[in-house]
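Subject: Structure for you to look over

Hi,

Here is the structure I promised to pass on. Please open it alongside this email.

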Amino acid sequence: MSEQTGPGGLNEYIQHHLTHNTVEVFGGQFNLDSWLVGLVLGLVFILWFGLAARRATPGVPSKGQAFVEIIVEFVDGQVKDTFHGDRRSVTPLALTIFVWIVFMNTMDLIPLDMVGWGVHTVAGEEAAHHTYWRLVPTADLNTTFGISASVFLILIGHAWSAKGGFGFGKELLTSPFHAHGFMAVVLAPFNLLMNVIEWLVKPVSLAMRLFGNMYGGELVFMLIAGLFASWITFVPGIIANAAWAVFHILIILLQAFIFMILTVVYIAGARESH
């Protein structure tokens, strides 16, 4: 959401708000804003749920404890319906993914100009003009690929744990085209290629789906901000902003849920034999 389009027009306003606060690390650009916001929100999740677990009582729960229990039971129910093995490590992973992504997605509901307004108030207009800070980590492809890459490594670990190194390697070479004797040797490279593509598509699709939806939602807020540039369109801008914010809440929750449930589905598939 936004309060103003700025003096340079809508194009310059959008370009400014799509620019990351970067630092140079090992000769490359590192998006400090996405990393820091994601880190803080992750720590908030750990602190909140950790304190709720430590303060949990067997009697009548407090409102805070009841709310946390509802989230945990919801996630555990989804895992139970999807993954039929030992879910003691899968449910905590799914819970972390769901809540953390919800937290990061929800940053899209914070006014775009809040950071600029704060810098302007403290340091002046010039400093605000040269300060870049994006609040939505999941609208950064680096963040979504980082999470999906972690999920990818976890999938490899589950496949290795369930099938062993030899069994996992054999599956990569012998499926989906099963054969015997000489044909098994001939088809092995094609099987390996198909399996590599199948495995790599999973993290890529997870990352691109989450990034695309959140980036698009953020961009819509910026485009709606153009309505605030004129008194004629100011009221329609407020209505459009509020309507999109309400609809975007559904996207925020749905994208976190999809990422979580697909992770669980992929884990279940990694532990099964073809």
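This is a predicted model: local features need pLDDT of at least 70, side-chain atom pairs count only at pLDDT 80 or more; totals for chains, interfaces and linings use all residues.

Overall layout. The protein chain has nine helices and two strands. From the N terminus, the order is α-β-β-α-α-α-α-α-α-α-α. The C-alpha trace spans about 75 × 55 × 40 Å along its principal axes. Of the 274 residues in the protein chain, 36% are buried.

Surface patch. A nonpolar patch lies on the surface. Its members are Val23, Val25, Phe26, Phe30, Trp35, Leu36, Leu39, Val40, Leu43, Val44 and Ile46. Together they have about 1,000 Å² of accessible area. Two elements, β1 (22-25) and α2 (32-54), each supply at least two of the patch residues. Helix α2 gives the largest share, with seven residues. Ile46 is one of the patch residues and sits in helix α2. Is Ile46 buried or exposed? The relative accessible area of Ile46 is 54%, so Ile46 counts as exposed; the cut-off for that is over 50%.

Helix pair. Look next at α7 (residues 141-174) and α9 (residues 231-271). Their axes come within 8 Å. They cross at roughly 25°. Angles under 35 degrees count as roughly parallel, and α7 and α9 are therefore roughly parallel to each other. The crossing of α7 and α9 is right-handed.

Best wishes

Key
Residues are numbered from 1 along each chain as its sequence is written. Side-chain values use heavy atoms; hydrogens and water are left out. Patches are made of residues with over 30% relative accessible area and no salt bridge: like charges are joined within 9 Å, nonpolar side chains (Val, Leu, Ile, Met, Phe, Trp, Tyr) within 5 Å. Accessible areas come from the Shrake-Rupley method with a 1.4 Å probe; for residues, only the protein chains shown count as cover. A salt bridge is a side-chain nitrogen of Lys or Arg within 4 Å of a carboxyl oxygen of Asp or Glu. Helices (H or I, at least four residues) and strands (E, at least two) are DSSP runs, numbered from the N terminus. Buried means under 20% relative accessible area, exposed over 50%, partly exposed in between (1.4 Å probe, protein chains only). Axes are lines fitted to C-alpha atoms, for helices over the stretch in contact, and angles run from 0 to 180 degrees between N-to-C directions. Angles under 35 degrees count as roughly parallel, over 145 as roughly antiparallel, 65 to 115 as roughly perpendicular and the rest as oblique. A crossing is left-handed if the near helix is turned anticlockwise from the far one by less than a right angle, and right-handed if clockwise.
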